[in-house]
Amino acid sequence: MAEFPTRKWQMMVDLDKCTGCGACVVACHAENNVPIQTEQETVRGRSMHWIRIERYWEGEWPDVKARYLPVMCQQCENAPCEPVCPVYATVHSERENLNLQVYNRCVGTRYCQNNDPYKVRFFNWFDPQFEGLLINQLNPDVTVRTAGVMEKCTFCVQRIRRGEEKALVEHRDLKDGEVTPACVQACPSEALVFGDLNDPNSKISQLTQNNQRNFRLLDELGTKPQAIYLKAGQSNVQV
Amino acid sequence: MAVSKDVPLWQQPVPESAEEAAQMEHHRRVRLTLDPVAPVQAQQMIMEPMRRQTLRFYVIFVILFGLVITELITWVYQMWWGLGVTGLTRPTMWAVYIVNFVYFIGIGHAGTFISAALRALKVEYRRPISRAAEIVTVFALATAGTFPIIHLGRSWKFYWLLPYPNERQIWPSYHSPLLWDLTAILTYLSCSILFAYIAMLPDLAMLRDRSTGRWRLFYRILALGWRGSEQEWHNQETALNVFTYAIIPVMFSVHTIVSWDFAMALQPGWHSTVFGPYFVIGALFSGAGAVILALILLKKTLHLDYFLRDEHFNGMGIFLLLLSMAWAYFYFNDYLAPWYGKAPADVVLYNQLSHGYAAPFWYTMLFANIVLPWATLWSRKIRTNLGAMFFIALMVNVGMYIERVIIIPISLGVNELPYDWGRYPLRLPETLITIGAFSLVGFLYILFTRFFPIIPYWEVFEGQIVHKVQRIGKALIPARSEPD
Amino acid sequence: MAEVQLLGLFYQPESVAGALDRLRALGITDDKMTVLSMAPYRPEMLGRPKPKGRVGRIALFGALFGVALGLFLSVGIWLLYPLHQGGQPVVPIPPTLIVLFECTMLGTMWSSFFGMLGENRFPKFRKTIYDPRITEGFIGLAVEADRSLSDNIESIFWDHGAHDIVHDQAAEKTDPKQRAFWLSVGGVLIALTVILGLFVYDIIRIPFPTNMANQESIAYLQGPRLAAPPDAVPVQGPVLIDGQPATDPVPSSPDSIQRGKVLFGYSCQVCHGPNADGKSPIAGFFNPPPADLTSPQVQQLTDQEIYLVITNGFGLMPSEAEVLGREERWDVINYIRTLKK
């Protein structure tokens, strides 16, 4: 494997800008060959959205507000999902600071999901069905998983690797914003920002350093998540 | 040297005075170790189930076998279509299969406790029941071992979890509690089988001597040429001692490691440091209940009234009561800390237990595990009443099964982020497989009793050799000389 | 010095103890006498020396072996595959202790089992002196002595209340049935291990189609794309619309056919064969095999359909669009038309 530089990839979610439109969810499905569940399976709670918009209602009628919380795999540094896998199907990439999921190694123990406090991992309960023309839309860069395999958001690692390879071939450094996951690319209000926190000039560094609104999800559990959230307005309201 | 009239143990002279004879008669009725009979006679009793099968046996055998085949077919169906045919969902990714796994491993602990720990503690009432208990262990563990394979998403690749030299250029990860589980359970199962076999050798020799024809060949081969010489007994005793003192820590460690499957997780309801001893005591508790059930069924169906007497059920009843108290202590520990700490997810979970959808389960568990044993097992009359003991042991097993249901699917339903709360709906495939698993244990057990002796007669006879009565004052009191 | 073996059957340990004393007085040593019983009697009860056994020491060696196994399974595997998981060190101490403990116990118990079997010389292939009445509750006292002492031994037995005396059974004959059985058990186990090894190491492969090796997402595994309906979103590239030809076909001329023949040799011949009949050295590896371009089925297709197949691929055939430019594809088509049978 070529020697790529060490990165600290972070995803920033600005909750003030998120409109809950769900474009990120759709983009992720398209980019990562995530199957769409039937109505019956959704009722059973088996829908697979690698990034999901959690919607919380606040207040009493008629002053009800909806709060949106996009949650994707937090790529924790102390990922609780990793050490419990008996077959090394989920390991940590020290160089890219990402939590990797190795599909062909997974036997489907589902221990990783049990240990995941964010519950961002999804299991293929059946063989994924892509009906009719949807097959033409599949991304050849991403494996289509089979029944019995766990999957989760990878920060579009296929795009990251492509970008790094291209930069290496062209003997240059990766530019900030050159590599974006599908959800970041699709977000219309630019609520999602992706970048390398090791680079002080990147957009994400500048938006999140010294920002009083920033917090990380379930930080107190000690998982060291790599997604930064910026609190929405009315900062006395906890999300 | 004075020549004593060479009279066998079971033809010892009766005391002269009528009162002493009456006392002796009472002792003989109550205590197995003071009631020796001619070995040929006892052996006939033990070999009866191997010679003759009743219609009732065949009916039960066919029913159990049918249920096991149903389990197999359901499992193949599940592998073909995918785990989606079960009720598993996000977030309850572990449910009935893991409950069964933990439950059956738990049952296995009492067998080892009776055959190993009671042997180490020199408790005499373990003599006729140790093999029946050990066989519960062996078959329960074997059945439990099928569940990690059944619950895998890609069951046919289960062998990737085994640490052996392979061509895949990677070995399994011992960071994971599941691998500790695998090692511990394989150790425990294999060593339980070896333990049972070593202890069975003298009985196999006995069967070899009493049988004819093909049965004789079968036992002759399995008895390995056992003669009962001093050297053989000495080596066997050393091996049994090594096993006894080694398998007791393994027994404690196995269910502790199973509990660490849960305690290692950050899940509310699982992340408790008391899980280790809590699970071990729970295992002994449910196992004691299962052994009592097995003993009652054996006594009634195989007519083993000579061997299994009130004293044994009395002893097991006291054991069950003590374990119920110990379990209540550990459960209270496990419940108290999160209740006091009021972390939000724990509060929601406890509300589900006390007045949510899980309330019927929770209260049944508390009744069956605490209220019922504490209310009944203090009485000797109840402990020796087989119908009552059957009911109490059955309720204990139901209560402990519910305890595992509460720990696994119900606790998984409550998480840190409210968006991830859920419930587990039980569906048909898991039900069929669970029923099949219980039938598998029963099926293997009754098959075992047709081929092998369920009472370790040599241990009973050994006990009868060293037990005597001695006169203290006006009474004849049972005395026991320590063999070592 | 002919030797005899005698087995006296008694009920009481006292009788046996007394007989043993008298036999020792006769000059028979302890190692020539052995006591057989249905339940263990302490050596002190019978006045016998304590038997020595090595099972304990064997168990200790087994424990050491178990420690080695545990260290390999934990530390060894982690060092062989230093993968990072969950912020834990590559060789964490608590799991090492757990695995060490379990493997040590495993080694101890397994070695003591096999040690016991070995020390007792189980399974016994040789017949040794025995009587089935031992398991009826008798204690057997087996003596091996010179033939001249046999009468003395018998009288000692009767004096001490023996119920019966069994003479010289064993001529150290091997038990053929037992030996045959255990050898066949060993053979079966070895055979099973070898067969298992054949499967495990993929010497015998079971083709199991669940390995995500065949991906639906790779485009050229699909058939030709369906035509877009009229007034649909415009698409790029040539599309077969009913009744309309693909754009700018190159007319068939000798030059075009000659160019087509050369290009066919570069791009198509390797799969479709030098005679375009689907017989090439690698055709057998494809299922379905490359088409016979001279057959009526292919020749009946319109030029536009063949153009689309070359551009988009078909089934296992990859797209040749990067290899052949637009006009070059028409040249190849013109050449193929000349190959009609």
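This report describes the nonpolar cores and the chain interfaces of a predicted model.

## Basis of the model

Residues are numbered from 1 along each chain as its sequence is written, and chains are lettered from A in the order in which they are written. Local features need pLDDT of at least 70, side-chain atom pairs count only at pLDDT 80 or more, and totals for chains, interfaces and linings use all residues, while side-chain values use heavy atoms, with hydrogens and water left out.

## Nonpolar cores

A nonpolar core is a set of buried Ala, Val, Leu, Ile, Met, Phe, Trp, Tyr and Cys residues joined through side-chain atoms within 4.5 Å; buried means under 20% relative accessible area (1.4 Å probe, protein chains only). The largest such core holds 269 residues, and those with the most contacts inside it are A:Y229, B:F307, B:M316, C:L141 and C:F157. Helix α6 of chain B (residues 177-210) gives the most to this core, 19 residues; helices are DSSP runs of H or I, at least four residues, numbered from the N terminus. A second, separate core has 16 residues, including C:L293 and C:Y307.

Contact here means heavy atoms within 4.5 Å. Leaving aside neighbours within four places in sequence, the contacts of B:F307 include B:L32, B:M45, B:H312 and B:Y457.

## Interface of chains C and B

Chain C brings 81 residues to this contact and chain B brings 78 residues. The buried area, the accessible area (1.4 Å probe) that two parts lose on being put together, summed over both, is about 6800 Å², with 64% from carbon and sulfur atoms. C:M38, C:E102 and C:M109 supply 10% of the area that chain C buries against chain B, more than any other three residues.

Three salt bridges are counted between chain C and chain B, a salt bridge being a side-chain nitrogen of Lys or Arg within 4 Å of a carboxyl oxygen of Asp or Glu. The side chains of B:R210 and C:E136 form a salt bridge, at 3.5 Å from N to O. On the side of chain C that touches chain B, the largest share comes from α4(C), with 16 residues.

## Interface of chains B and A

Here 46 residues of chain B are in contact with 43 residues of chain A. The area buried between the two chains is about 3700 Å², and carbon and sulfur atoms give 59% of this area. B:R90, B:M93 and B:R154 supply 19% of what chain B buries against chain A, more than any other three residues.

One salt bridge is found across this interface. B:D420 forms a salt bridge with A:R52, with the closest N and O atoms 3.2 Å apart.

Definitions and conventions: Buried means under 20% relative accessible area, exposed over 50%, partly exposed in between (1.4 Å probe, protein chains only). Helices (H or I, at least four residues) and strands (E, at least two) are DSSP runs, numbered from the N terminus.
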